[in-house]
Amino acid sequence: MSPSSRYQNPALVVIRNSIMASFALLFMTVALVSYADVPAVRFFSSMEYTVWHEGLRLLALYINPYTIFAGTAGLLGMHAYSLHQQGERIETDRTVILLGGVLVSLILTLLLKVSIGRARPVVLFTEGYTGFFGFQTERSFNSFPSGHATAVTAACAAVFALREEVSYRVIAVMLTVLILSSRLVLGEHFPADVLAGIWLGGLVMYWAQLFANLAEERL
């Protein structure tokens, strides 16, 4: 490793990686929208409804963006309080910043949903068309990005950043995979919507981790 790369500004690294991830998302979104989104939702819609579908439906019903944030806020809030009681100011601040990242990801998701206005798969099956219509408040046109995908990805990232216990991480990954799967299997979103949610949740938490590290360095 060269001296220049060893002492590279962390903020510049985050900016560079964020730009690269965004261009990758743009390329993959165009590819999915053009070639894979509609065939994928048609495939999942053709599957016979089973107990597995019902389980995913109930899981996604109760583990939604709002309950994910509330649950994450509760867990991280208790964690922050415990750290504060122990005098661990640095870790307390890190926890609060990462929780803020989860909230920011949800706010950005809502703004993108309304401004982009992509029709959900249900519109394809009922009206026969799909696409991006811009600035729509109706739920049927708030498909991109997936709120569930954004929230569960951000929450999973927060758990990985703050907890080293294997049990916590395994549960977080399992819930993340199940929630992401439910968006596709139940026909609630196109694959590009889920991918965008993963990108947004991961990107916001990537920045939140940077701010948490910077706050730690200043204490």
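Leucine 12 counts as exposed in this predicted model, because its relative accessibility is 52%, above the 50% cut-off. This residue sits in helix H2, which covers residues 10-45. Together with Ile15, Ile19, Phe23, Leu26 and Val30, Leu12 makes up a nonpolar surface patch with about 590 Å² of accessible area.

Helix H2 also takes part in the charged contacts. Across the whole structure, 6 salt bridges are found. In one of them, arginine 118 pairs with aspartate 37, with 2.8 Å between the closest N and O atoms. Aspartate 37 belongs to helix H2, while arginine 118 lies in the loop between helix H5 (89-116) and helix H6 (121-127), 81 residues apart. Arginine 118 also forms a salt bridge with aspartate 193, here with the closest N and O atoms 2.9 Å apart. Because aspartate 193 lies in helix H9 (residues 191-218), this pair ties together parts that are 75 residues apart in sequence.

Arginine 139 is in the loop between H6 and H7 and glutamate 188 in the loop between H8 and H9, so the pair connects parts 49 residues apart in sequence. Arginine 139 is exposed at 52% relative accessibility, whereas glutamate 188 is partly exposed at 25%.

Turning to helix H3 (residues 51-62), its buried residues are His53, Leu56 and Ala60. They lie on the same side of H3, because they cover an arc of only 65 degrees around the axis. These buried residues pack against helices H7 (147-162) and H8 (166-185), while the face turned away from them carries exposed Val51 and Tyr62.

Notes. Residues are numbered from 1 along each chain as its sequence is written. This is a predicted model: local features need pLDDT of at least 70, side-chain atom pairs count only at pLDDT 80 or more; totals for chains, interfaces and linings use all residues. Side-chain values use heavy atoms; hydrogens and water are left out. Helices (H or I, at least four residues) and strands (E, at least two) are DSSP runs, numbered from the N terminus. The expected span of a helix is 1.5 Å times one less than its number of residues. Buried means under 20% relative accessible area, exposed over 50%, partly exposed in between (1.4 Å probe, protein chains only). The arc is that of the directions from the helix axis to the C-beta atoms. Contact means heavy atoms within 4.5 Å. Patches are made of residues with over 30% relative accessible area and no salt bridge: like charges are joined within 9 Å, nonpolar side chains (Val, Leu, Ile, Met, Phe, Trp, Tyr) within 5 Å. Accessible areas come from the Shrake-Rupley method with a 1.4 Å probe; for residues, only the protein chains shown count as cover. A salt bridge is a side-chain nitrogen of Lys or Arg within 4 Å of a carboxyl oxygen of Asp or Glu.
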